[in-house]
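User: I am new to this structure. Please walk me through how to read its features, one at a time.

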Amino acid sequence: MNTKPDPQFADIIIDGASYPVPHGDISGQELRELPTPPVADLWLELPDAQDIPVPPHSTITISGDLRFFSNQPVTIFINAAPYRVPAGAITEQQLRELTSPAIPDDHRLYRDIFDDLDDPITEDEIVIITDGERFFTKNPLPTSFQIIVNGTKHTVTGSTVFFETVTAIAYPEPPAGAQLLFTVGYSRAVAPRPTGTLRAGESVTIKNGTIFNVTATDKS
């Protein structure tokens with residue numbers, strides 16, 4: 001049988017753990033003593049604003065759910081390896097420097113979110129961490145790809161290829177003709193359009209091994 005939350009109590013989150021606290025005034029010291037063992041320093045987490053330190057002698061009025069974090073050491077995981085860090089705020093660069101060697105700048109860093117889309121950590125982002133959180137890295141996407149144009153392998157830069165790029169590769173010196181018409185067909189490209197044709201100005205997302213067939217017809 002489901003029970004409704006007591007409207008006289010609020011859920012106070014400290015370092016990711018929940019503590020039911022009655023509405024009303026509570027001191028910073030009393031908040032510190034909710035976890036076991038008690039925490040030394042405490043901050044009130046504010047969304048989209050600077051977090052507020054909570055001194056022991058301060059008083060906070062509890063009227064709804066609030067989140068706090070401390071500098072109590074917690075364990076987080078980066079690529080499945082554990083690291084002990086103070087709970088609370090850590091910068092994206094500090095996360096990178098926890099590993100040895102440090103995570104290269106060209107590798108993306110993500111927060112692993114269970115049953116949801118993973119959260120990419122942006123450059124210079126300040127991340128609020130709690131015990132047990134998991135992060136992982138991804139290798140940078142390749143910047144060059146090998147494609148096949150009219151049976152010959154070519155290397156191109158970037159994952160997008162335009163009609164004009166392919167025709168220039170196929171015919172570096174266009175055949176003579178007053179009204180040349182190029183026809184470009186491709187296969188083994190990236191879904192959702194792995195196979196198709198290109199017209200002037202159109203492009204396709206490629207991968208290693210994408211095949212192009214280009215023909216030139218004089219319509220004069």
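Analyst: Let us start with a cis peptide bond. The model is predicted. The bond from Thr36 to Pro37 is cis, with omega near 0°.

User: Where is Pro37 found?

Analyst: Pro37 is in the loop between helix H1 (28-32) and strand S4 (42-44). A cis peptide bond also joins Ser100 and Pro101, with omega about 0°. Pro101 sits in the loop between helix H2 (92-98) and strand S11 (108-111).

User: Now sheets. How do strands of a sheet pair?

Analyst: Strands of a sheet pair through backbone hydrogen bonds, and the pairing is either parallel or antiparallel. Here, an open sheet of five strands runs in the order S2-S1-S7-S4-S5. Its pairing is mixed.

User: Which strands stand at the edges?

Analyst: Strand S2 (17-22) and strand S5 (52-53). Each has a single partner strand, so one side of each is left without a neighbour in the sheet.

User: How many bridges join S1 to S2?

Analyst: Six bridges join strand S1 (residues 9-14) to S2, and the two run antiparallel.

User: What can I read from the two faces of strand S15?

Analyst: Look at which side chains are covered. Strand S15 covers residues 144-149. Phe145, Ile147 and Val149 make up the covered face. Ser144, Gln146 and Ile148 make up the uncovered face.

User: In which sense does S15 pair with S16?

Analyst: Antiparallel, over six bridges, with strand S16 spanning residues 152-157. Gln146 has Thr155 in S16 as its bridge partner.

User: And in which sense does S15 pair with S21?

Analyst: Parallel, over two bridges, with strand S21 spanning residues 211-218. There the bridge partner of Ile148 is Ile211.

User: Next, backbone angles. Which residue takes a positive phi in the hairpin of S15 and S16?

Analyst: Asn150, with a phi near 50°. That hairpin has two residues between the strands. Asn150 is not a glycine, yet its phi is positive. Its relative accessible area is 34%, so Asn150 counts as partly exposed.

User: Where does Arg188 lie?

Analyst: Arg188 is in the loop between strand S18 (180-187) and strand S19 (196-198). Arg188 also has a positive phi, about 60°, although it is not a glycine. Its relative accessible area is 55%, so Arg188 is exposed.

User: Now charges. How many salt bridges does the count come to?

Analyst: Four. For a salt bridge, look for a side-chain nitrogen of Lys or Arg within 4 Å of a carboxyl oxygen of Asp or Glu. One of them joins Arg67 and Glu45, at 3.9 Å from N to O. Arg67 lies in strand S7 (residues 66-70) and Glu45 in the loop between S4 and S5, so the pair ties together parts that are 22 residues apart in sequence. Arg67 is partly exposed at 40% relative accessible area. Glu45 is also partly exposed, at 24%.

User: Are Glu133 and Arg111 buried or exposed?

Analyst: Both are buried. They form a salt bridge, with the closest N and O atoms 2.5 Å apart. Glu133 lies in the loop between S13 and strand S14 (134-138), and Arg111 in strand S11. This pair links distant parts of the chain, 22 residues apart.

User: Which residue does Glu202 meet in a salt bridge?

Analyst: Arg199, with the closest N and O atoms 3.6 Å apart. Glu202 is partly exposed at 28% relative accessibility. Arg199 is exposed, with a relative accessible area of 60%.

User: Last feature. Which residues gather in a patch of negative charge?

Analyst: Asp105, Asp106, Glu123 and Asp124 gather in this patch on the surface. Take Glu123: this residue lies in the loop between strand S12 (119-121) and strand S13 (126-129).

User: Is Glu123 buried or exposed?

Analyst: Exposed: the relative accessible area of Glu123 is 67%.

Key:
Residues are numbered from 1 along each chain as its sequence is written. This is a predicted model: local features need pLDDT of at least 70, side-chain atom pairs count only at pLDDT 80 or more; totals for chains, interfaces and linings use all residues. Side-chain values use heavy atoms; hydrogens and water are left out. Patches are made of residues with over 30% relative accessible area and no salt bridge: like charges are joined within 9 Å, nonpolar side chains (Val, Leu, Ile, Met, Phe, Trp, Tyr) within 5 Å. Accessible areas come from the Shrake-Rupley method with a 1.4 Å probe; for residues, only the protein chains shown count as cover. Lys and Arg count as positive and Asp and Glu as negative; His and the chain ends are not counted. The place of a charge is taken as NZ of Lys, CZ of Arg, CG of Asp or CD of Glu. Helices (H or I, at least four residues) and strands (E, at least two) are DSSP runs, numbered from the N terminus. Buried means under 20% relative accessible area, exposed over 50%, partly exposed in between (1.4 Å probe, protein chains only). Two strands pair if DSSP finds at least two bridges between them.
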